Amino acid sequence: MGAPEVLVLGEALVDIVETEGGETEHVGGSPANVAVGVARLGVAVRLATRLGRDERGERIARHVRDAGADVAEGSWTDAPTDTARARIRPDGSAEYRFDVAGVVPPVSPGDAALVHTGSIALFLDPGGEACLAALEAARGSAIVTVDPNIRPALVGSRETALVRFARAAAAADLVKLSDEDAEWLWPDADLRTVLETIAGLGAAVVVITRGGDGAIGRGRDGAVVEVDGVRVTVADTIGAGDSFMASLIATLVDRGVPAEADALAEALRVAARAAAITVSRPGANPPTRAELED
């Protein structure tokens, strides 16, 4: 890969996954998963995060680098590496408990073609301010993408989270969120209303994922498109939304922000395939470009 085209900011952590068979550990954290997913799709990427100088931090860095991504200088700290404990429910969905500091090093977008952030680090300070500053600095010179990936136990009140999210959306070319995120942020709104609301904040393209039911998106021309999900046997849903986001980022780097409904629909169909591959195997294990194109 050449010089980094994508800069991803946010948490990297270890998921401690509880199932009936016991505990296993996987590298996780939404931004880290996105960085790995983007790298596996053949796009150069750098992750700015927080890693402890411990065994878990080294494992995360190795996982990120093995995918082909870089870890930004300044990501290392003497504090312990963040963790999330995920209990897998019978339907494959995950319930989380977090031990996360929410610290992201200040970083300049530089010459990145695309800057992405979201999840815990966007909403917890001091990392949240670093993430927002990078988005706002990149606005107009790079594509900006945001995935709030709301963790209700960590982001504070809805009103506070909405203010932070609105500022991020105002800098974004594309916002992707789940239907669960949408319901938490706007409990009484249907998905089309949420699409219009986020577009009104300034985002050119807005996408809402609906789990196995696919996704709905609003293009910058105001047209709304819907795509179906891909049916697979679910191992667990960890990393599904992150794989969807990584696929969208790769498409945006390759083709730019979709200007027409057909282009947006195709980007969503490809992203739905990426998410389906991920949920078909345990942990946040996004597909390579070869797997996605097979």
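Helices, at least four residues long, and strands, at least two, are DSSP runs numbered from the N terminus, and the element names in the legends below follow that rule. The model shown in every view is a predicted one.

View 1. Of the 13 residues that line it, Thr 251, Arg 255, Val 270, Arg 289 and Leu 292 are the closest to the centre of the pocket. Three helices, namely H8 (240-255), H9 (261-279) and H10 (289-293), each supply at least two residues of this lining, and among the contributions that of H8 is the most, with five residues.

**View 2. The largest cavity and its lining.** A search of the whole structure finds one cavity of 30 Å³ or more, and the space in the largest cavity amounts to about 40 Å³. Its lining is made up of Gly 10, Glu 11, Ala 12, Thr 49, Arg 50, Asp 82, Val 100, Gly 102, Val 103, Val 104 and Ala 121. By class, the residues that line the largest cavity comprise five nonpolar, three polar and three charged ones.

**View 3. A nonpolar patch of valines on the surface.** Val 230, Val 232 and Val 234 together form a nonpolar surface patch, with about 200 Å² of accessible area between them. Val 232, one of these residues, is located in the loop that runs between strand E15 (224-227) and helix H8. The relative accessibility of Val 232 is 35%, and this residue therefore counts as partly exposed, since the partly exposed class lies between the buried limit of under 20% and the exposed limit of over 50%.

**View 4. The salt bridge between Asp 173 and Arg 139.** The structure holds 22 salt bridges, and one of them joins Asp 173 to Arg 139, with the closest N and O atoms 3.4 Å apart. Because Asp 173 lies in the loop between helix H5 (158-171) and strand E12 (174-178), while Arg 139 lies in the loop between helix H4 (127-138) and strand E11 (143-147), the pair ties together parts that are 34 residues apart in sequence. The two partners fall into separate accessibility classes, Asp 173 being buried with a relative accessible area of 17% and Arg 139 being partly exposed with a relative accessible area of 37%.

**View 5. The salt bridge between Asp 147 and Lys 176.** Asp 147 and Lys 176 form a salt bridge in which the closest N and O atoms are 2.9 Å apart. This pair links distant parts of the chain, with Asp 147 in strand E11 and Lys 176 in strand E12, 29 residues apart. Both Asp 147 and Lys 176 are buried.

**View 6. The salt bridge between Arg 192 and Glu 226.** The side chains of Arg 192 and Glu 226 meet in a salt bridge, at 3.1 Å from N to O. Here too distant parts of the chain are linked, as Arg 192 is in helix H7 (residues 191-201) and Glu 226 is in strand E15, 34 residues apart. Arg 192 is partly exposed, with a relative accessible area of 44%, and Glu 226 is likewise partly exposed, with a relative accessible area of 45%.

**View 7. A salt-bridge network and a cis peptide bond at Asp 125.** Salt bridges link Asp 125, Glu 129, Glu 136, Arg 164 and Arg 167 in a network. Asp 125 also takes part in a cis peptide bond, the one leading from Asp 125 to Pro 126, whose omega is near 10 degrees. Pro 126 itself lies in the loop between helix H3 (120-123) and helix H4.

View 8. Ser 119, a residue other than glycine, has a positive phi near 65 degrees, and it is found in the loop between strand E10 (114-118) and helix H3. With a relative accessibility of 1%, Ser 119 counts as buried. Asn 149, which is not a glycine either, has a positive phi of about 45 degrees, and its place is in the loop between strand E11 and helix H5. At 14% relative accessibility, Asn 149 also counts as buried.

Terms used. Residues are numbered from 1 along each chain as its sequence is written. This is a predicted model: local features need pLDDT of at least 70, side-chain atom pairs count only at pLDDT 80 or more; totals for chains, interfaces and linings use all residues. Side-chain values use heavy atoms; hydrogens and water are left out. On a 1 Å grid over the protein atoms alone, a cavity is a set of points where a 1.4 Å probe fits but cannot get out, and a pocket is an open set with protein on both sides within 12 Å along at least five of seven lines; lining residues have an atom within 4 Å of a point. Patches are made of residues with over 30% relative accessible area and no salt bridge: like charges are joined within 9 Å, nonpolar side chains (Val, Leu, Ile, Met, Phe, Trp, Tyr) within 5 Å. Accessible areas come from the Shrake-Rupley method with a 1.4 Å probe; for residues, only the protein chains shown count as cover. A salt bridge is a side-chain nitrogen of Lys or Arg within 4 Å of a carboxyl oxygen of Asp or Glu. Buried means under 20% relative accessible area, exposed over 50%, partly exposed in between (1.4 Å probe, protein chains only). Grid points are joined across faces, edges and corners, and a volume is the space filled by probe spheres set on the points. Ala, Val, Leu, Ile, Met, Phe, Trp, Tyr, Cys and Pro count as nonpolar, Asp, Glu, Lys and Arg as charged, and the others, Gly among them, as polar.
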